[in-house]
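Me: Please take a close look at one loop near the end of the chain. Which residue there deserves attention, and what surrounds the story?

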Amino acid sequence: MNKAVRQTEIISHLSASIDTWSDSEILARMLDGQRLAVACVEAALPAIAEAAEAIAQRIRNGGKLYYAGAGSSIRIGVQDGTELPATYGIDEGQLGYLIAGGKEAMFDTLADKEDSIEDGRAAGAICTQRDALIAIAASGRTPFTLAALEEAKANGAFTIAVINATDSALGQKADVEVLLNSGAEVIAGSTRMAAGTAQKAALNFISSLVGIKLGAVHDGMMVAMMLGNEKLKDRAARIVDQITGSGLNAAREALAKTDQIKPAVLLCAGASSAAEATKLLNSNDGNLRRALAQLSQTTKTKLQH
């Protein structure tokens, strides 16, 4: 097949006369569409895992992760990326956004900007061989997004396409194609619905797996999150207590010395100082489980002597 199959543009017979239905019938049809959108991500799990591994390697080595796209797709990408520092402790300086129309397009509909190949090339040119780029487009053919991916790839960046169309130019040119066959939209062409839901789920999976690979998750808890308010500080204390059994007071005291969960856990687990805790983490690439194992072994060795 030479042309991309854009399922999102198909007029679904299942939605015929939807504007004459009752509210409950309309909402039930929309819910069915959302269920199918999430279910289609299963087929993309191998590609999602490959993408996450490539991104984690580049972030670990000081590279950046860029999101590129237009309209609803890039809004979903920006939402995903901007949550990573607070959730997984990824440096804001290691995240970037290539937005058709710039930041203004996040709030205003600048639809014509997605057609600019020149703007896409200029945006993608900032990517280097140290970086990864996630290009998001339901159609898989948005000119801005395609040009950004092509330019980034020419510069050596690792490229990932998150798309909802088979046999697309974007998918064919990317190093990894995350194909989300979300099917026809309940409202034809409204990619903020099923296609957008599938994109958000896939991006959540990619970035969450990246966070796990970077050591930001321990036993299902966010051990690299930022402690930006009292709610999060309270959660952090409970996490430290859960891991070490230290009690909340001791956990809070450790957090007051470190302002970070992982070194606070090591303090409560027996590290002599915040400096030793940091050293343990650095020697284990920030992985708390390995740092705890090393601390336990060191403590046993000292007791034996």
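Reply: Start with Asp-285. Asp-285 sits in the loop between H12 and helix H13 (288-304). Helices here are DSSP runs of H or I with at least four residues, strands are runs of E with at least two, and both are numbered from the N terminus. The model is predicted, so to speak of a local feature takes a pLDDT of at least 70, side-chain atom pairs count only at pLDDT 80 or more, and totals for chains, interfaces and linings use all residues. Residues are numbered from 1 along each chain as its sequence is written, and side-chain values use heavy atoms, without hydrogens or water.

Now the backbone. Asp-285 is not a glycine, yet its phi is positive, about 55°. Is Asp-285 buried or exposed? Asp-285 counts as exposed because its relative accessible area is 60%. The cut-offs are under 20% for buried, over 50% for exposed, and partly exposed in between, using a 1.4 Å probe and protein chains only.

The loop of Asp-219 runs between strand E8 (217-218) and strand E9 (221-222). At 55% relative accessible area, Asp-219 is exposed.

Step into strand E8 and you find His-218. His-218 is buried, because its relative accessibility is 6%. Leaving out residues up to four places away in sequence, His-218 touches Val-223, Ile-243, Leu-288, Arg-289 and Leu-292. A contact means heavy atoms within 4.5 Å. Helix H13 covers 288-304, and Leu-288, Arg-289 and Leu-292 are among the residues that His-218 touches. That brings us back to the loop of Asp-285, which lies between H12 and H13.

Next, H12 itself. Helix H12 (274-283) supplies at least two residues to the lining of the largest pocket, and so do helix H2 (45-60), helix H4 (84-88) and helix H11 (261-268). A pocket is an open set of points on a 1 Å grid over the protein atoms alone, where a 1.4 Å probe fits and protein lies on both sides within 12 Å along at least five of seven lines; lining residues have an atom within 4 Å of a point. The largest pocket is lined by 29 residues, and those nearest its centre are Gly-89, Leu-214, Ala-224, Lys-262 and Gly-286. The volume of this pocket is about 740 Å³. Volume is the space filled by probe spheres set on the points, which are joined across faces, edges and corners.

Asn-164 is in the loop between strand E5 (158-163) and strand E6 (165-166). Asn-164 is buried, with a relative accessible area of 0%. A polar atom of the Asn-164 side chain lies 3.3 Å from the backbone oxygen of Leu-180. Tyr-67 belongs to strand E2 (residues 65-69). Tyr-67 is buried too, at 0%. The side chains of Tyr-67 and Asp-80 make a polar contact of 2.6 Å. Such a contact is a pair of N or O atoms within 3.5 Å; within protein, one must be able to donate a hydrogen and the other to accept it, and sequence neighbours count only if both atoms are side-chain atoms.

Last, the whole chain. There are 13 helices and 9 strands. Of the 305 residues, 46% count as buried. The C-alpha atoms fill a box of roughly 75 × 50 × 35 Å along the principal axes.
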